[in-house]
Amino acid sequence: MMQSRRQFSRRGLSFVAGLVVAPAALAQSNAPTAAARLSKPGREEEALRARTGTWDVVATMWPTPDAAPVVTRGVIAERSMIGPFLQEIMHPAAGAAVPDFRRLDYLNYDRVEGRWKYVSMDTRFPVSIMPAWSFEPATEDRITLQFNPQAFVGFGPEVEGRFMASDMVVAWRDAEHETKEQHVTMADGTGRRWLFVRYEYGRRK
């Protein structure tokens, strides 16, 4: 019995020693960690970096499916990379006859989840923070993102609080042009989906 106990003790000590040595051996390995590997810029981040700079923007809104478009010119978008994130700040151009506002958005490819992520904030309208995600692979010239559903305040004197489902399609025609289009479906009993907002970008020379 005593011999069995001594053998068990020796095996237990060997097992514990192995647990202590294993992490040290891994630390000495030259293999990069998954975090380090996925932190290196990939082709998606390089594609975002190519979209940095200053862009002239034409914004068009259709408040309802049958409404005449409301077109706003004299807007610029300034883009820069914040680490792996493409940051865009949209605001009136100097001297433009446009009420002051700021619209911020961020676009990033999550290499761990394998999908695009997007978020926008706009001081012109009480829509709060709008996060979105892709649920299908991006093509070479576009990304389709689905916003988190949220309430819509409406355009009238009273808060409608209506449920709104929407998406954002980011499309690159070429290196100098881009569009962002938001399509919406309101919980108004019609089930109609329409183009709500379009931003047309042209790279400023």
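Start by selecting F125, F152, F155, W194 and F196: ring pairs join these residues into a cluster. Keep in mind as you look around that this is a predicted model.

**The F125 pairs**

A pair of aromatic rings is described by the distance of the centres and the angle of the planes. The count of aromatic pairs here comes to nine. One of them is formed by F125 and F152, a tilted pair with 6.0 Å centre to centre and 35° between the planes.

Is F152 buried or exposed? With 6% relative accessibility, F152 counts as buried, because the cut-off for that class is under 20%. F125 counts as partly exposed, at 28% relative accessibility.

Stay on F125 and bring in F155. Their ring centres are 5.5 Å apart and their planes stand at 40°, so this pair is tilted. It links distant parts of the chain, with F125 in the loop between β5 and β6 and F155 in the loop between β8 and β9 (162–174), 30 residues apart. F155 has 43% relative accessibility and counts as partly exposed.

**Two arginines over rings**

The charged end of R79 sits over the W55 ring, 5.0 Å from the ring centre. Then go to R124 and F101: here R124 lies over the face of F101, and the distance to the ring centre is 4.1 Å.

For the last stop, centre the view on L107, which you will find in strand β4 (residues 103–110). L107 is buried, and its relative accessible area is 7%.

To finish, draw a distance between the C-alpha atoms of L107 and M81: the two are separated by 9.7 Å, and the residues are 26 apart along the chain.

How values were computed: Residues are numbered from 1 along each chain as its sequence is written. This is a predicted model: local features need pLDDT of at least 70, side-chain atom pairs count only at pLDDT 80 or more; totals for chains, interfaces and linings use all residues. Side-chain values use heavy atoms; hydrogens and water are left out. Rings of Phe, Tyr and Trp (its six-membered ring) pair if their centres lie within 6.5 Å; planes under 30 degrees apart count as stacked, over 60 as edge-to-face and the rest as tilted. Buried means under 20% relative accessible area, exposed over 50%, partly exposed in between (1.4 Å probe, protein chains only). Helices (H or I, at least four residues) and strands (E, at least two) are DSSP runs, numbered from the N terminus. A charge sits over a ring if NZ of Lys or CZ of Arg is within 6 Å of the ring centre and within 35 degrees of the ring normal.
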